[in-house]
Amino acid sequence: MALPRGMWSCHDDAMSAQANSAQESSTHEIWLAGIDGCPSGWIVALARADLSAVRVRLVPRFIDVAAAPEAPAVITIDIPIGLPERAGYGGRAAENAVRPLLGARQSSVFSVPSRAAIAAQEYREACRIALATSEPPRKVSKQLFMLAPKIREVDAALRADAALSQRVFEVHPELAFWRLNGEQALGEPKKVKGRPHEPGLALRRQLLIKAGMPAEIVESSPPKGAGPDDLIDALACVAIAQRIHAGEAQSFPESPERDACGLAMAIWA
């Protein structure tokens with residue numbers, strides 16, 4: 001006989017407890033990854049989906065993250081994914097969607113040029129191609145050109161492995177912190193004139209700890225070959241990986257286009 005609403009049996013209670021236990025066990029075994037580029041390659045924050053464990057390591061290649069023993073189910077990375085054949089004003093729709101949210105931090109969102117411009121090996125050539133493949137015509141920023149080898153590395157890996165491309169998502173640390181800060185742009189930068197800015201780093205550490213990241217990891221020194229901002233950014237990336245895994249993340253734009261290789265052009269938070 002069915003029980004009236006608001007009542008339960010011992011059997012139902014036990015079944016519910018077993019289901020909750022199984023779900024917790026499953027979540028405990030699932031790993032997620034957040035990746036940021038650094039001078040020595042890539043800094044990776046690996047976290048269980050329930051944040052009961054977080055590990056940080058350096059790897060020389062992006063593909064090493066997918067092959068890690070933890071086998072992360074969701075991989076988030078601070079690198080453009082999906083390259084247009086022609087770039088519009090301000091880059092892709094993804095960049096234009098997130099810049100207005102970031103206030104003074106919006107300058108950290110670089111305009112992504114065409115795939116052909118990213119393929120160029122020399123800056124002058126990249127600018128020539130970018131001018132010919134953008135409307136209005138625009139050169140490649142030097143900051144983004146410095147990232148071009150890493151963009152090509154990730155792009156090649158995702159185009160070669162359709163299954164991998166389904167679990168890798170583009171994120172941006174400043175958009176991640178906007179999300180962790182109650183959808184408010186941060187007032188303090190991470191760096192000033194290329195040097196770590198401690199008030200900005202401290203603010204971001206507080207937000208990560210509030211989001212459930214272990215304080216001993218957040219406040220630790222970065223591995224040799226990475227800076228304190230690299231560590232914080234990798235942890236922010238994995239915080240968004242947790243949101244993606246939980247079905248709570250949002251893509252910018254909401255309905256992303258795909259590039260000629262089928263990769264979605266979206267930034268997640």
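Leaving aside neighbours within four places in sequence, with which residues is arginine 152 in contact? The matter was examined in a predicted model. Arginine 152 belongs to helix H6, and its contacts beyond those neighbours are Ile118, Ala119, Ala120 and Gln121. One of these residues, alanine 119, stands 33 residues away from arginine 152 along the chain, yet the C-alpha atoms of the two are separated by 7.1 Å. The relative accessibility of arginine 152 is 24%. Since values under 20% count as buried and those over 50% as exposed, arginine 152 is therefore classed as partly exposed.

The protein chain as a whole contains 11 helices and 9 strands. Of its 269 residues, 47% are buried.

Two helix pairs were considered, both of which involve helix H9. Two packed helices are described by the angle between their axes and the distance between the axes. Helix H8, which spans residues 173–180, packs against helix H9, residues 198–210, with the axes 10 Å apart and at an angle of about 60 degrees. An angle counts as roughly parallel under 35 degrees and as roughly perpendicular from 65 to 115 degrees; H8 and H9 are therefore oblique to each other. Their crossing is left-handed. On the H8 side, the residues that meet H9 are Glu174, Phe177 and Leu180, and their partners in H9 are Arg204, Leu207 and Leu208. This contact comprises 4 nonpolar and 2 charged residues, with no polar residue.

Helix H9 also crosses helix H11, which covers residues 228–245; here the axes come within 11 Å and the angle is roughly 30 degrees. Because of this angle, H9 is roughly parallel to H11. The crossing of H9 and H11 is again described as left-handed. From H9, the residues Leu201, Arg204, Arg205 and Leu208 meet Pro228, Asp229, Ile232, Leu235 and Ala236 of H11. By class, 6 residues of this contact are nonpolar and 3 are charged, while no polar residue takes part.

Aromatic side chains were examined next. A pair of aromatic rings is described by the distance of the centres and the angle of the planes. The structure holds 4 aromatic pairs, and among them is that of tyrosine 123 with phenylalanine 145, whose ring centres are 5.4 Å apart. The planes of these rings meet at 65 degrees, so the pair is edge-to-face. Tyrosine 123 is in helix H5, residues 123–132, and phenylalanine 145 is in helix H6, residues 142–160, so the pair ties together parts that are 22 residues apart in sequence. With a relative accessible area of 28%, tyrosine 123 is partly exposed, whereas phenylalanine 145, at 17%, counts as buried.

Another pair is formed by tryptophan 178 and phenylalanine 252, whose ring centres lie 6.0 Å apart. Their planes are at 80 degrees, and the pair is therefore edge-to-face. Tryptophan 178 is located in helix H8 and phenylalanine 252 in strand S8, residues 251–252; the pair thus links distant parts of the chain, 74 residues apart. The relative accessible area of tryptophan 178 is 6%, so this residue is buried. Phenylalanine 252 likewise counts as buried, at 8% relative accessibility.

Methods:
Residues are numbered from 1 along each chain as its sequence is written. This is a predicted model: local features need pLDDT of at least 70, side-chain atom pairs count only at pLDDT 80 or more; totals for chains, interfaces and linings use all residues. Side-chain values use heavy atoms; hydrogens and water are left out. Axes are lines fitted to C-alpha atoms, for helices over the stretch in contact, and angles run from 0 to 180 degrees between N-to-C directions. Helices (H or I, at least four residues) and strands (E, at least two) are DSSP runs, numbered from the N terminus. Angles under 35 degrees count as roughly parallel, over 145 as roughly antiparallel, 65 to 115 as roughly perpendicular and the rest as oblique. A crossing is left-handed if the near helix is turned anticlockwise from the far one by less than a right angle, and right-handed if clockwise. Contact means heavy atoms within 4.5 Å. Ala, Val, Leu, Ile, Met, Phe, Trp, Tyr, Cys and Pro count as nonpolar, Asp, Glu, Lys and Arg as charged, and the others, Gly among them, as polar. Rings of Phe, Tyr and Trp (its six-membered ring) pair if their centres lie within 6.5 Å; planes under 30 degrees apart count as stacked, over 60 as edge-to-face and the rest as tilted. Buried means under 20% relative accessible area, exposed over 50%, partly exposed in between (1.4 Å probe, protein chains only).
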